[in-house]
Every structure is written in structure tokens, then in C-alpha cells.
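Please read it with the sequence and the model at hand.

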Amino acid sequence: MAVCTVYTTQSLHSTCSISTPTKNHLGFNQKHVVFYSTNKKTTKRASSAVITCSADTQTVVIGLAADSGCGKSTFMRRLTSVFGGAAEPPRGGNPDSNTLISDTTTVICLDDYHSLDRTGRKEKGVTALDPRANNFDLMYEQVKAIKDGTAVEKPIYNHVTGLLDPPELIKPPKILVIEGLHPMYDQRVRDLLDFSIYLDISNEVKFAWKIQRDMAERGHSLESIKASIEARKPDFDAYIDPQKQYADAVIEVLPTQLIPDDNEGKVLRVKLIMKEGVEFFSPVYLFDEGSSISWIPCGRKLTCSYPGIKFSYGPDAYYGHEVSVLEMDGQFDRLDELIYVESHLSNISTKFYGEVTQQMLKHADFPGSNNGTGLFQTIVGLKIRDLFEQIVASRAKTPVEATKA
Ligand SMILES: Nc1ncnc2c1ncn2[C@@H]1O[C@H](COP(=O)(O)OP(=O)(O)OP(=O)(O)O)[C@@H](O)[C@H]1O
Ligand SMILES: O=C(CO)[C@H](O)[C@H](O)COP(=O)(O)O
């Protein structure tokens with residue numbers, strides 16, 4: 001039986017079928033068709049063969065940007081938990097791999113695209129935040145290949161040795177998350193993202209978190225932590241921070257306004273800034289969509305100790321974009337009572353009543369579970385699940401016609 005060559009605008013792992021009577025007319029079936037993935041829109045129609053492809057398995061790509069030590073790993077753990085199943089490094093691979101794989105998601109760390117290793121950066125006098133220390137061409141090619149359904153050999157940056165290790169194989173998952181310093185820096189990579197998030201941690205809070213982790217857990221001195229933050233700041237301001245203008249959702253973490261002149265950084269004011277008009281994403285709202293609301297939920301149904309909890313919600317502008325902003329200042333005393341807050345939020349994309357509260361209780365030991373960082377990370381995780389499901393459903397609804405060469 002002859003093999004039929006079909007060019008399709010869909011990825012190679014699209015699900016395709018040949019519609020009858022075409023199948024009878026041409027005398028071949030699915031097994032005898034070779035698909036070539038191409039984006040050529042000019043493919044000639046040489047016969048009337050109609051191949052229907054539904055790209056239900058095409059990879060959805062999510063970008064998560066933040067500086068180091070700003071909660072990316074914690075957010076990723078919350079996100080993968082929403083999809084169920086544990087995320088683990090590639091089995092039998094490099095023990096220092098930065099990749100985490102679960103049934104639905106693969107999270108790759110963009111540190112793996114450092115083109116200069118630790119020594120190289122030192123010799124050239126550049127930080128890891130500097131675009132010159134990163135290979136954006138390779139990042140683009142590989143993210144695009146994965147999105148198009150092709151496995152890649154991705155490099156590994158080894159944070160233990162500071163060297164570039166031999167590459168690891170990354171197969172196309174249902175959802176690819178690219179997390180790190182620069183997911184939205186290069187326009188080519190940015191254009192591949194189906195949704196993007198920026199974790200915007202204010203300097204005061206970043207400093208408090210760094211001290212907590214690097215002093216307590218890694219034995220660094222206060223001076224060395226200060227020096228490291230100062231050394232990174234110019235490049236952070238030049239190359240990392242500007243990416244937030246492109247994000248579909250920003251989680252901004254600020255010191256509380258409930259305690260005058262607070263400098264402890266323990267109680268946080270957290271904003272969830274959500275762009276309007278993003279396909280497959282409808283911003284969360286409190287009470288009434290589009291109104292400006294201020295809400296103190298403390299009382300009979302929510303236990304609050306000093307300094308209490310305050311929510312705000314309303315429309316705003318962010319880098320010239322229309323956005324909705326949900327804000328929480330303060331912290332929860334009892335996570336099981338979070339259901340009271342959850343029941344007043346709409347568009348949170350839960351599959352059952354209380355799912356946010358259940359997720360928060362499940363990960364009560366994660367940093368930020370008692371405040372807006374954990375709450376908003378969990379909600380964004382649910383919104384990403386919803387976005388993914390909507391993308392898959394929309395692709396299934398719009399079968400693609402491919403032509404026989
Ligand atoms: N929401 C939070 N509330 C309080 N502390 C937090 C929060 N998120 C993160 N931290 C602190 O910051 C540290 C770093 O968090 P995490 O490992 O998630 O960040 P990261 O961006 O992945 O860091 P890196 O890029 O350096 O690996 C945590 O160990 C914790 O001390
Ligand atoms: O900003 C960073 C992102 O995680 C790291 O500092 C960068 O990747 C360099 O790593 P290391 O400090 O281990 O050499």
C-alpha cells in the first residue's frame with residue numbers, strides 16, 4: 001500500500017483522521033499516512049483528501065518570571081498539585097537536574113540556558129541576570145520545538161558545581177512551564193507563551209525572605225546577603241523587572257499597611273493584578289465584577305488576630321493595560337475558615353465548592369500559606385488548569401483541514 005504524505009499546520013502529535021468517502025476513494029487508511037508538520041499556509045491542494053486533525057495534545061506553554069528566592073519553586077509545587085500527582089526530577093537522570101515532571105506538567109528552569117557558567121560569568125564580569133550570560137536563541141528554538149511536539153536535548157545548569165552539565169531529554173508534555181529569570185525577555189519566547197505570570201516581590205520583602213532562607217538554611221552572613229542583593233540590583237532593574245509589563249497576571253508582594261512603619265516583613269500585603277481581555281482567562285472578582293470594593297472579613301465567621309485582614313478589589317490600569325486587582329493585607333489565623341473568604345470570590349475556576357481551601361490546607365506547611373501569597377498562587381494555579389482545559393476544548397472544536405501533497 002502506498003504511503004500518503006500530508007502536510008499539516010498542526011504539530012506532529014496531533015490526532016488526525018481521514019474522513020470517508022475520501023478514505024475509500026483514495027484507498028488508504030490512517031496507518032499509511034505520514035504527517036509532516038509545517039506552518040506553510042501555501043500548501044497546494046493536490047487532491048480532495050481531507051484529513052481532520054485535532055491538536056488536543058499540543059503543549060500549552062506557561063511562563064513564570066521572578067528573581068531568585070522569590071517563591072517560584074513554591075508556586076510550582078502549588079501549581080502541579082492542582083493537576084494532581086507528584087512532580088519529580090527526570091527518572092534516572094542527572095541528580096542535579098532542575099526539571100520537574102508530573103503526569104500533566106513539565107517545569108523547566110531557564111537557568112539551564114545560561115551560556116556562561118559560574119567561572120565564565122566571573123571572568124567576563126557579568127551576572128546571571130545579564131542577557132549576555134544566557135542563550136536566548138536556544139531557549140526559543142527548544143521551547144518552540146516542544147510546543148510543536150518535538151522532544152529536545154536541553155542543557156542543564158548545575159547549581160551545585162556552577163558548571164554546564166550534559167543535556168537531558170525533554171519530551172513534549174501537556175503543559176510546559178518555563179520558570180526563571182527571563183521567560184518574557186525575548187520577544188520570540190514571549191510569543192510562544194499561552195499565559196504568563198510575574199512574581200513581583202518588593203525589595204523589603206525579598207530581603208526578609210533571603211535572610212530567612214540564606215542565613216537560617218544556608219549559613220550566609222547578613223553582610224553577604226546584602227552584598228548579593230545590591231550586586232544584582234542594577235541588572236534586576238534593567239532586565240528582570242521590566243518583564244512584568246508583559247505578564248497576564250502579576251502577584252505583587254509588599255509590606256503590610258495594617259501595621260504603621262512595619263519593618264519585620266512578616267505580615268504582607270499581596271496584590272493579584274489580572275490583565276483584562278486575555279483569551280481563556282477571566283479575572284477573579286470579589287462580590288461584584290468591575291466595582292471597587294473594600295472588605296474586612298474578620299468577625300463571626302473569620303477569626304483574626306492583630307493586625308486583622310483587609311481585602312480590596314477593583315479595576316485599575318497597569319503599564320497601559322486595563323486590569324482587575326484583588327488585594328489581601330494581613331494573615332489568616334485559621335486556614336479551615338478560609339472557606340468563608342473563598343465563598344465570596346467569583347471566577348476562581350474551582351471544580352467543587354471549597355477547592356481553594358482544600359488546596360491551601362493540603363499545603364499548609366508551604367511558605368505563604370497563611371497569607372495572600374499562598375491564596376493567590378493557589379487561585380492562579382486553578383486559573384491555569386481552567387485555561388489549559390479551555391485551550392484543549394477549543395482545539396477539539398476547530399478541526400484543522402490538511403491537504404494531501
Ligand atoms: N510566600 C512566602 N512567604 C514567606 N516566605 C517565602 C514565600 N515564598 C518563598 N519564601 C521564602 O523564600 C525562599 C525561596 O522560595 P522558593 O524556593 O520558592 O523561591 P525560588 O524563586 O524558587 O528560589 P530560587 O530561584 O533561588 O531557587 C523560601 O525558602 C522561603 O524562605
Ligand atoms: O539568579 C539565579 C537564578 O536562579 C542564579 O543566581 C543563577 O542561576 C546562577 O546560579 P548560581 O548562583 O548557582 O551560580
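Ala247, Asp248, Val250, Ile273, Met274, Lys275, Tyr318, His321 and Val323 line the second largest cavity, where a cavity is a set of points on a 1 Å grid over the protein atoms alone at which a 1.4 Å probe fits but cannot get out, and lining residues have an atom within 4 Å of a point. Strand S13 (268–275) and strand S17 (321–330) are the elements that each give two or more residues to this lining; helices (H or I, at least four residues) and strands (E, at least two) are DSSP runs numbered from the N terminus. This is a predicted model, in which local features need pLDDT of at least 70 and side-chain atom pairs count only at pLDDT 80 or more, while totals for chains, interfaces and linings use all residues. Residues are numbered from 1 along each chain as its sequence is written, chains are lettered from A and ligands numbered from 1 in the order in which they are written, and side-chain values use heavy atoms, with hydrogens and water left out.

**Cavities**

- A search of the whole structure finds two cavities of 30 Å³ or more, a volume being the space filled by probe spheres set on the grid points, which are joined across faces, edges and corners.
- The second largest cavity holds about 30 Å³ of space, and S13 supplies the largest share of its lining, with three residues.
- Its lining has six nonpolar, one polar and two charged residues, with Ala, Val, Leu, Ile, Met, Phe, Trp, Tyr, Cys and Pro counted as nonpolar, Asp, Glu, Lys and Arg as charged, and the others, Gly among them, as polar.
- The largest cavity holds about 100 Å³ of space, and its lining consists of Asp67, Ser68, Asn203, Lys206, Lys210, Ile229, Arg232, Lys233 and Phe236.
- Helix H6 (203–216) and helix H7 (222–240) each give two or more residues to the lining of the largest cavity, and H7 provides the largest share, four residues.
- By class, the lining of the largest cavity divides into two nonpolar, two polar and five charged residues.

**Packing of helix H9**

- In helix H9 (residues 355–362), the residues Glu355, Val356, Thr357, Gln359 and Met360 are buried, which means under 20% relative accessible area, whereas exposed means over 50% and partly exposed lies in between (1.4 Å probe, protein chains only).
- The buried residues of H9 pack against helix H2 (72–82), helix H8 (338–342) and helix H10 (372–397).

**Salt bridges**

- The structure holds 20 salt bridges, each a side-chain nitrogen of Lys or Arg within 4 Å of a carboxyl oxygen of Asp or Glu.
- Aspartate 112 pairs with lysine 154, their closest N and O atoms being 2.6 Å apart; because aspartate 112 lies in the loop between strand S7 (105–109) and helix H3 (118–124) and lysine 154 in strand S8 (residues 152–158), the pair ties together parts that are 42 residues apart in sequence.
- Aspartate 112 is buried, at a relative accessible area of 0%, and lysine 154 is buried, also at 0%.
- Arginine 132 forms a salt bridge with aspartate 130 at 2.8 Å between the closest N and O atoms; arginine 132 is exposed, with a relative accessible area of 62%, whereas aspartate 130 is buried at 3%.
- Arginine 269 and glutamate 327 meet through their side chains in a salt bridge (3.4 Å, N to O), and since arginine 269 lies in strand S13 and glutamate 327 in strand S17, the pair ties together parts that are 58 residues apart in sequence.
- Both arginine 269 and glutamate 327 are buried.
- Salt bridges that share partners join Asp67, Lys206 and Arg232 into one network.

Definitions and conventions:
1 Å grid on protein atoms, 1.4 Å probe; cavity = no way out; pocket = protein on both sides within 12 Å on 5 of 7 lines; lining within 4 Å. Contact = heavy atoms within 4.5 Å.
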